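Here is a walk through the structure, taken one feature at a time. Keep the model open while you read.

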Amino acid sequence: MADVAFAAAIRKVADILGNLLVDEGTRWYWLQDDIRWIHTEMRRIQSFLKDTEDIQGNSEGVANLIEEIRDLGFDVEDIIDTFFPKLASHRNKRSLGCLSTKVSCNPISFTFTRHKFGMKIARIKKWIEDINRARTTYGNTGNTSREEEQDLRQSFPHVEVPNIIGFETQTEKLKAKLLDEDTPYCVISIVGMPGLGKTTLAREVFNSVKQGFQCYAWVYISQEPRLRDVLQDIGRQVGLAKEMREEGLEANLFEFLREKRYVLVLDDIWKPETWDALKNAIPCNSNHGSRLILTSRARHVGVHIGGENSLHIMEPLDSGNSWELFSNIVMISLQNINGSFRSPQMEDTGRQILEKCGGVPLAIMVMGSHLLCVERTLPAWKRFLGSMGHGRPGISKILALSYKDLSHELKQCFLYFGLFPEDHEIPATKLINLWVAEGFVQTRGVQTPEDTGEDNLHELISRNLIQVVRRRFDGRVRTCRIHDLLHNLCISEANKNFFFTTHDNIDSTYPKRVRRLTIYRSSICDYISLGCHTPSLRALLCVNNNEERLQNKQLEYIHKGLGLLRVLSLEGVTFPPTLPDAIGNLVHLSYLELGSDGLVRLPSTIGNLKNLKTLDARQCNNLALPIVMWKMRELRHIILTPIAIFEYQLKSIGQLQPIEDVSLPNLQTLHIINGNILKADCLRKFTNLRKLGLVCDVAQVTIILSDAMTISDKLEKLTLTVLPSKKGKETKVDLFNADTYPLLDLPACPALSFSAYQNLSNLYLEGGFKKLLDFPTSLIKLTLLQIQLEEDPMETLGKLPNLKKLYLGRHSYMGLKMVISGPSTFPSLEDLIIELLPLKELEVDEEVMPKLRYVKIKFDVTLKIHSVHSDRLKRIFSEFNDYLMRMSFLELDLDLKYFSGWLDDDIFFLEEEDFILEPSKDANKGKELMPDEVAKQDTVEDPNGISKRPLELGQCSSSGGQSESEQRKSGDAN
């Protein structure tokens, strides 16, 4: 982990050196040589860290030296961040670096700062010389290599595993695939996070089928295999003659295996390059029915070798199998003759211990083994339970192999997951913006830092270190989390080297060395009251702090005492009405997240934050911003609420003039703001914009957006809401009758054309556009509300080749009949919601929407499905609407708070939720939520007394004035 801290310092020095070399001012000659020397020596020390990585734990001398190197890296970074903003203010107009800020240019002040900085540099040089001498002494100490460490994972096919639980179904499935005689060649890639039993499953399958092949072999690969040794081992096991294994090994083995029906296991293969080297000796297009089985922690390795179809993804054990495995190891000795536990409390504590293992077989076995050595009393077990958060050596060493295999950049990104609580669902965009703010992400070619950050996240997911919780409509990651065992590894590695700590542990660390602090089980007010001196803090995160209030004095502590902060995330913290001017002292701040119920005014000194890249205030219910924000050139993401205002609006009388002067060349996200604040032409200046959300009541914005010259060729998401000029007539709303919903008085808008936006994939429109729009073919997700179309939109929308999700909300179409027909209509559509329209009849042809998965119709309509050859659409329409009708009854009749968890999931077109449950799970969950007497009914009655029954094929979703016999006739006609 010292290499992570040191790598950050080297990048900082390299950036400064690069800027010095292009600076033409002569007053910096004294600095260039020193910085260049420091950079060179630090690169050499970094090489030493890499060379000694495997012996750190076995040599006290090396461990102490590495600790000193880490401290050196911290000091170098602190010195640069402390002095260069001051020195940079005295330089010529040409920029020295990204850390410049406005301070006094007093010559005396400059001389004093320069002298003090020179003394710090001299101390660093002396420190490096001392480390170099120590490297000579300790550089070759230790006798443990990576190979010996990997022996922890060495596997053999003949080892018996006494407790194999929960693999029966998987074993039979894979055996059937291997023994399928119709398949000439087959690859099975068993992938998953560490500890799930990949090797165990492979061993069971291999031992069950190997006798059915002419030859077979099992080899363990590891992170850094000796490829020749691996090939020789394969040759020996399959029966290749000894002399053939000496010369021309690859060619001889290839020819031998090409004529054989073999099964080969490559256990624990880490990298695609390893297979690329091995495949020259292993024929992979055999027609003799040969089989290749591999296990890997990295999904991309399995895809590289065998393709997507080869993947067998390992999952944690369910609760039943977990308990069975745990009982086999631990509980038998605690049971009576009758099989019941001596104490219900012991069983309850055992289940709590088991829950900590997260269904990971390795964790269950290691924890169980440790528990066998613990006194068999309830207090002893409870003490053991309390200590489990600190991890166990047997698991940690195995998990650490995956961590050590990461690059410096990925190690920092991985450790950042430890800043969030266990099982916390982390938004991917927030995580990536935090990485960018910290400087963890290095751009590659023309990629933006955000693109590279997304690549890093995919790499961690591919290595099975991170779990995807939810994906967006386009398949990108929306939220993710880290497994509890790996979360413990993050904390363990971070605590060793002060990468971060929690408020709970800050007393036990050295506060002056702490780089990041996370607060999620305690109070930020408590942290401030401790008076801990943490001058080197780079990030302060408050996660899920509900309704905590900070006073001005406490805010002053943050703004004045934590001058090196890059990240300040105060989620769920309430502030005084006006933040102190001292926030402008945080000149390194790159990420600012605020959340408050009351009015929050940001002072104009926020303009001093020249490095601010992300301003996230979506949780601020009332926010007033200074106009200087529009000239903060480094801002990349501005995330607000539509009711956010600017300071000049609070002071002005009469009609407000929109802002005209903006300078945000790097802006990627502007979501959501009141579009009336800006002059419409300003949008043309945001040439790098990817996400735009506007709420406005003027037509000028729509004109700018429809221009043939796009505001940004990179625009991916657009949310546009046109405000009503006045409210419609107040009526009592019936949730299932569109006629009772007020028709808003929306201003007439010019016809829109988005065809020039070839990267636009997500479009949300709300407003009186009346006529159908011109959409780009790139569109994947479309949401329409209140646009009051006069013509049936389905013919035009059905031609969009990539559209997957379509939501037609209230008053999006004012006609009485809608038709979906034509063999190529909606070729990619998967999800369709039609809600609260005046529509009376929906007619659907059989051949449309070939990829349709979900349909939801939330109003009374006569449905006609013209089906001759297939019941596919009938089944989909029937399945979902039967379920929805029952849920609709519950929503009207019962307290919604009991269903809030499910209902949030269901509203999947909202930005915060973008997924839907599988049909079978959907229906089952609905039935679970319903009282038995409702779930069993064939007919339910709504509050208006209308008898409703499940949506039958070709019939009305409710009686709608038709008799039951008339409905049946209508169904027969279809």
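Two strands pair if DSSP finds at least two bridges between them. Strands (E, at least two residues) and helices (H or I, at least four residues) are DSSP runs, numbered from the N terminus. This is a predicted model, in which local features need pLDDT of at least 70 and side-chain atom pairs count only at pLDDT 80 or more, while totals for chains, interfaces and linings use all residues. Residues are numbered from 1 along each chain as its sequence is written, and side-chain values use heavy atoms, with hydrogens and water left out.

Start with a parallel sheet. Ile820 stands opposite Val844 in β29. Strand β29 covers residues 841-845 and runs parallel to β27, with four bridges joining the two. Both belong to an open sheet of three strands, in the order β27-β29-β31. The edges are β27 (817-820) and β31 (862-866). Each has a single partner strand, so one side of each is left without a neighbour in the sheet. Neighbouring strands here are turned by 10 degrees against each other on average, direction ignored. For such angles, axes are lines fitted to C-alpha atoms, for helices over the stretch in contact, and angles run from 0 to 180 degrees between N-to-C directions.

Now turn to an antiparallel sheet. It is open and has three strands, in the order β6-β8-β7. At its edges stand β6 (426-427) and β7 (467-471). Each of these has a single partner strand, so one side of each lacks a neighbour in the sheet. Two bridges join β6 to β8 (residues 477-481), and this pair runs antiparallel. Within it, Ile426 has Cys480 in β8 as its bridge partner.

Next, the interior. A nonpolar core is a set of buried Ala, Val, Leu, Ile, Met, Phe, Trp, Tyr and Cys residues joined through side-chain atoms within 4.5 Å. Buried means under 20% relative accessible area, exposed over 50%, and partly exposed in between (1.4 Å probe, protein chains only). The largest core holds 112 residues. Ile524, Trp630, Phe754, Leu765 and Leu842 touch the most other members. Helix α21 (residues 524-530) gives the most to this core, with four residues. In soluble globular proteins, nonpolar side chains tend to be buried together.

Charged pairs come last. A salt bridge is a side-chain nitrogen of Lys or Arg within 4 Å of a carboxyl oxygen of Asp or Glu. By this rule there are 46 salt bridges. One of them links Arg70 to Glu67, with the closest N and O atoms 3.8 Å apart. The two residues lie three apart in helix α3 (residues 60-88), so about one helical turn separates them. Arg70 is buried, at 3% relative accessible area, whereas Glu67 is partly exposed, at 42%.

Glu459 and Arg463 also meet in a salt bridge, at 2.9 Å from N to O. Here Glu459 is partly exposed, at 24% relative accessibility, and Arg463 is buried, at 17%. Arg618 and Asp616 form another, at 3.0 Å from N to O. In this pair Arg618 is partly exposed, at 39%, and Asp616 is buried, at 4%. Elsewhere, salt bridges that share partners build one network from Glu77, Asp78, Asp81, Glu438, Arg515, Arg516, Arg538 and Arg566.
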